[in-house]
Amino acid sequence: MSTDTTAAPRAAAPHVADSHDVIRVQGARVNNLEDVSLEIPKRRLTVFTGVSGSGKSSLVFGTIAAESQRLVNETYSAFVQGFMPTLARPEVDRLDGLTTAIVVDQERMGANPRSTVGTATDANAMLRILFSRLGQPHIGPPTAFAFNVPTRKASGVMSTEKGGRVEKNVVRDVVYLGGMCPRCEGMGSVSDVELAALYDEDKSLAEGALRIPGYSMDGWYGRIFRGAGFDMDKPIARFSEEELHDLLHKEPTKIEVEGINLTYEGVIPKIRKSMLSKDVDAMQPHIRAFVERAITFQPCPECDGTRLSPGARSSRIRGENIADLCAMQISDLADWIRELHEPTVAPVLAGLQHLLDSFAEIGLGYLSLDRPAGSLSGGEAQRTKMIRHLGSSLTDVTYVFDEPTIGLHPHDIARMNELLLRLRDKGNTVLVVEHEPETIAIADHVVDLGPGAGTGGGEVVFEGTVDRLRTSGTLTGRHLDDRVSVKPSVRAPSGAMEVRGAGTHNLRDVDVDIPLGVLVALTGVAGSGKSSLVSGSVAGRDGVVVVDQGAIRGSRRSNPATYSGLLDPIRKAFAKANGVKPALFSANSEGACPTCNGAGVVYTDLGVMATVESTCEDCEGKRFQAAVLAYALGGRNIAEVLAMPVTEAAGFFGEGEARTPAARTILERLADVGLGYLTLGQPLTTLSGGERQRLKLATQLAEKGTVYVLDEPTTGLHLADVATLLALLDRLVDSGRSVIVIEHHPAVMAHADWIIDLGPGAGHDGGRVVFEGTPADLVAARSTLTGEHLAAYVGR
């Protein structure tokens, strides 16, 4: 008799490929990171928290995402890499377990005025295909409906190479059909120039009659005008009709100036090419101010602002042309497409339907496809970029988000959280930089950086679950459950700003009185009409200063001192103390180190390899010549002053030999907005989004305004910093100014003296004032979405 003694099968040992379940970072030193080492779990949602400037973006974007993208780029051929941005290797000892990173950041979408929501998301491309197949009358291929493609005609000899031989045919009037409106060239608007803003007719060219930025007669412009035959000493008022025409409108003409062949062109066509072809919001402030003063834009009378040619507008599907569909609210367009049943174009309809439904799902159904991409807020731009990933079949990739809840009403944050969790549940690693407690609460893993900002941060002070964070004792943990109570008493207004019949965008003939002398919060879901009310009816009035979310412009050479205007009084103080020229104390002028040209770093191009950035050996990164560093003010040279934090510099310029009241005033404003830890010479490119907005706020607080309008000033602010912001707003109001904030943060709403709530929904479902009153009244009524969420926040 035999017995079966075969052992039961043992569980298979884990496969080695399954062991790579974390992203390992060792010795990260990007910006202010201090040898950070940590392990981040894959296929989980990890939220990075910490005060603004603590190093979150440096770790997530500057280290992990940057290295992932650099390694992916290196898989392409050297030829292809030549067309891609050159990414330097981040300063880190070791990175293991990286997967392909998809970055969805807050950068505004293309500032090109030809870019719209439709062109940026391929919705326009699918609509063009649809009309080229179904539109009646049929007018041509998809390009016939493209407002960025002009209609071209050609005649002559056409050569065609076939099988080694060349065939030549004479063609006449061959038409390449485009949909661009010929009058406005697809811009949708035409411009008119206010001549009085271009020149002072009582002055001559030599006396500086031209008021156009950059048109100095001391440089090449003066030589060009002389070479073109203008009398430089004759007042423009005495120019003949022909001379004035040549000055303003002359076609490009070849001239010779000092033996050099140049082209002279009239001032108006010149500024149309150099300034009006760009997005106004992307211009430098002084050029933007000139354009807004000198140029008026009107909807094109031929295309009614649709950008399209008459032919493109004549073709229709079910009574609608492509311009009508692009002007629809996206949620309405999705319903219109859903009712279109055409088997011949079923794949296009399915793709377009999914795309439009994704807009509604992510809370952007109130937009229209013809909305200029440059007009989207940072939050709207980020969510628009997010759309293409919602239906993606990719898994095991790393999605990196930069504060995805920016610009979202508390009502919409839950929907954003669901999308983040859905991306995780498909097997992806999701890394989120965030301050919003509702989003921190859904994290599988939290990394808290700090303990402070700037040089006081750059360390990992906590890793673990949300529950452990609450008891960790870190700044984030202590403030995670903070709640601001409704003020027991509010300020009495000193007057009111009347708004009557406001109809900008989706506003519906709104009448409202905005109290003055108090803190007013404009609230409502995204797309309800808050910004439209401000831009259409408040901005532009006397004494109104608007601090919006527009990105501040600046290169690596720009820093808080140059952007805020602080460097001017500092340079003058150094020059006066040492008896030399102020230009010596600018790293962008005469005082620059000749080796690195004042950049502080030297870039070495290694051909197909990544460009190497190294500290300049001559100036040791100080950016100035050695001779300049020998000059001192109060015992410090210019490089040492630029290395000071704002708070230290305020004390330095406040007393003693270095006392400079103009500099101290600017430094106090920077400290007031919570930027006391920034060093004066820190490159703007290293600042976080929240830091940039507060720098802009500090700069614009210098303007002599009586009414300040702030667009979501809590953007990028840590929970612990909200109280500092509220104290600043209180100081502004107590100094006699009126403050209006467009805001979603419940703490700001609860702290306001008066709330104007717009809604009830977004797009055409909003545009009405649904509540006016004190925060306490809003909480008691609970009559709006804002009221319900504010009541839950204050625990009523």
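Which residues of helix 4 are buried? In this helix, Ala123, Asn124, Met126, Leu127, Leu130, Phe131, Ser132 and Leu134 are buried, where buried denotes under 20% relative accessible area, exposed over 50%, and partly exposed the range in between (1.4 Å probe, protein chains only). The model is a predicted one, in which local features need pLDDT of at least 70 and side-chain atom pairs count only at pLDDT 80 or more, while totals for chains, interfaces and linings use all residues. Residues are numbered from 1 along each chain as its sequence is written, and side-chain values use heavy atoms, with hydrogens and water left out.

Helices (H or I, at least four residues) and strands (E, at least two) are DSSP runs numbered from the N terminus. Helix 4 comprises twelve residues (123-134), and its end C-alpha atoms lie 16 Å apart, in agreement with the 16 Å that it should span at 1.5 Å a residue; the expected span is 1.5 Å times one less than the number of residues. The cover over the buried residues of helix 4 includes helix 3 (117-120), helix 11 (322-327), helix 12 (330-338) and helix 13 (346-361), contact being defined as heavy atoms within 4.5 Å. Beyond helix 4, in the loop between this helix and strand 6 (152-162), lies Pro137. A cis peptide bond joins Gln136 to Pro137, with omega at about -5°.

The interior was examined in terms of nonpolar cores, each a set of buried Ala, Val, Leu, Ile, Met, Phe, Trp, Tyr and Cys residues joined through side-chain atoms within 4.5 Å. The largest nonpolar core has 73 residues, and those with the most contacts inside it are Ile570, Ile638, Phe653, Leu667, Leu680 and Leu790. Helix 27 (residues 722-734) supplies the largest share of this core, seven residues. When residues up to four places away in sequence are not counted, Ile570 touches Ile638, Val641, Phe653, Ala663 and Leu680. A second, separate core contains 66 residues, including Phe131, Ile330, Ile337 and Leu349.

Helix 27 has 13 residues and reaches 18 Å from its first C-alpha to its last, close to the expected 18 Å. Its buried residues are Val722, Leu725, Leu726, Leu728, Leu729, Asp730, Leu732 and Val733. The helix is followed by Gly736, whose phi is positive, near 100°.

Salt bridges, defined by a side-chain nitrogen of Lys or Arg within 4 Å of a carboxyl oxygen of Asp or Glu, number 34. In one of them Arg491 pairs with Asp730, the closest N and O atoms being 3.0 Å apart. This pair links distant parts of the chain, 239 residues apart: Arg491 lies in the loop between helix 18 (475-479) and strand 16 (495-502), and Asp730 in helix 27. Arg491 counts as partly exposed because its relative accessibility is 22%, whereas Asp730, at 17%, counts as buried. Both residues belong to a network of salt bridges that links Lys487, Arg491, Asp730, Asp734 and Asp753.

Another salt bridge is formed by the side chains of Arg731 and Asp672 (3.4 Å, N to O). Arg731 lies in helix 27 and Asp672 in helix 25 (residues 661-672), so the pair ties together parts that are 59 residues apart in sequence. Arg731 is partly exposed at 41% relative accessibility, as is Asp672 with a relative accessible area of 31%. The side chains of Arg318 and Glu339 also meet in a salt bridge (3.4 Å, N to O). Arg318 is in the loop between helix 10 (310-314) and helix 11, and Glu339, 21 residues apart from it, is in the loop between helix 12 and helix 13.

Most residues other than glycine have a negative phi, and most peptide bonds are trans. A cis peptide bond joins Gly759 and Pro760, with omega at about 5°; Pro760 is in the loop between strand 24 (754-759) and strand 25 (768-773). Asn597 has a positive phi near 55° and is exposed, with a relative accessible area of 52%. Arg623 also has a positive phi, about 80°, but is buried, with a relative accessible area of 13%. Arg623 occupies the loop between strand 21 (612-615) and helix 22 (626-629).
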